[in-house]
Amino acid sequence: MKTRLRFTFLSLLYLISSFFPCDNLQAQTETHDFITYDTTFNVGYAGLQYRFRISRPANMFTPGHPDTASRPAIITMPGLGEVGTNPANLQKYGPHYWMNNGWDGSVQLGNGTHYPIIITVMPSAAYPRGPELTLMMNHLLNTYRIKRNSVHVAGLSMGGFSWTLMLCHQATPGDETGMKLITSVVALQG
């Protein structure tokens, strides 16, 4: 199982790297002075809460610092066995597991090494609905300066199902509310 997860995570990185915009082919310089911490977001109804593990530039909110520039993001959601409030489940699989085991969070491209914002999302209840996921995603996008054309999501089992459910969410018929929020999705067994 661990080998299969390693293969699928490496496949995810390859897929995501193919979607990162390469506006110019000169080497990019991004700092990697990252901090990692856990936080929560309350949707506002039905008692639904999301717990996040976030790895982001330490100076993201320091006025005038280069780290205030928007960056791509890799946002993952684990499976049904990791739903709830146990913060250890944020590191059980996916990017934060690999960051605890040697990966520095970098993505190598033809124009240099990039350090996307890494977020693991854990809902407090199984199978969150499209409207709640859309509220949560808007919170992440508006808070963490994520580059809007570089939002890459992935999920394992229930997490993959949930992201595809968000893609189908439309606040009004035909408006593609959920689909407009992300660039790519990888649903592993979802």
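**Close-up views of a predicted model**

**View 1. Tyr 127 in the loop between strand 6 and helix 3.** In this predicted model, Tyr 127 sits in the loop that runs between strand 6 (117–123) and helix 3 (130–143). With a relative accessibility of 41%, Tyr 127 is classed as partly exposed, because that class covers values between the 20% limit for buried and the 50% limit for exposed residues. Together with Leu 80, Phe 161 and Leu 165, Tyr 127 makes a nonpolar surface patch of about 350 Å².

**View 2. Helix 3 and the elements that cover its buried residues.** The 14 residues of helix 3 reach 20 Å from the first C-alpha to the last, which is close to the 20 Å expected at 1.5 Å a residue. Its buried residues are Gly 130, Glu 132, Leu 133, Thr 134, Met 136, Met 137, Leu 140 and Leu 141, and what covers them includes strand 1 (34–42), strand 2 (49–57), strand 3 (71–77), strand 6, strand 7 (146–156) and helix 4 (158–168). After helix 3 comes Arg 145, which has a positive phi near 50°.

**View 3. His 114 in strand 5.** His 114 belongs to strand 5 (residues 112–114) and, at 6% relative accessibility, counts as buried, since buried means under 20%. The side chain of His 114 forms a polar contact of 2.8 Å with the side chain of Asn 111. Although His 114 and Pro 72 are 42 residues apart along the chain, a separation of 8.8 Å lies between their C-alpha atoms.

Conventions: Residues are numbered from 1 along each chain as its sequence is written. This is a predicted model: local features need pLDDT of at least 70, side-chain atom pairs count only at pLDDT 80 or more; totals for chains, interfaces and linings use all residues. Side-chain values use heavy atoms; hydrogens and water are left out. Patches are made of residues with over 30% relative accessible area and no salt bridge: like charges are joined within 9 Å, nonpolar side chains (Val, Leu, Ile, Met, Phe, Trp, Tyr) within 5 Å. Accessible areas come from the Shrake-Rupley method with a 1.4 Å probe; for residues, only the protein chains shown count as cover. A salt bridge is a side-chain nitrogen of Lys or Arg within 4 Å of a carboxyl oxygen of Asp or Glu. Helices (H or I, at least four residues) and strands (E, at least two) are DSSP runs, numbered from the N terminus. Buried means under 20% relative accessible area, exposed over 50%, partly exposed in between (1.4 Å probe, protein chains only). A polar contact is a pair of N or O atoms within 3.5 Å; within protein, one must be able to donate a hydrogen and the other to accept it, and residues adjacent in sequence count only if both atoms are side-chain atoms. The expected span of a helix is 1.5 Å times one less than its number of residues. Contact means heavy atoms within 4.5 Å.
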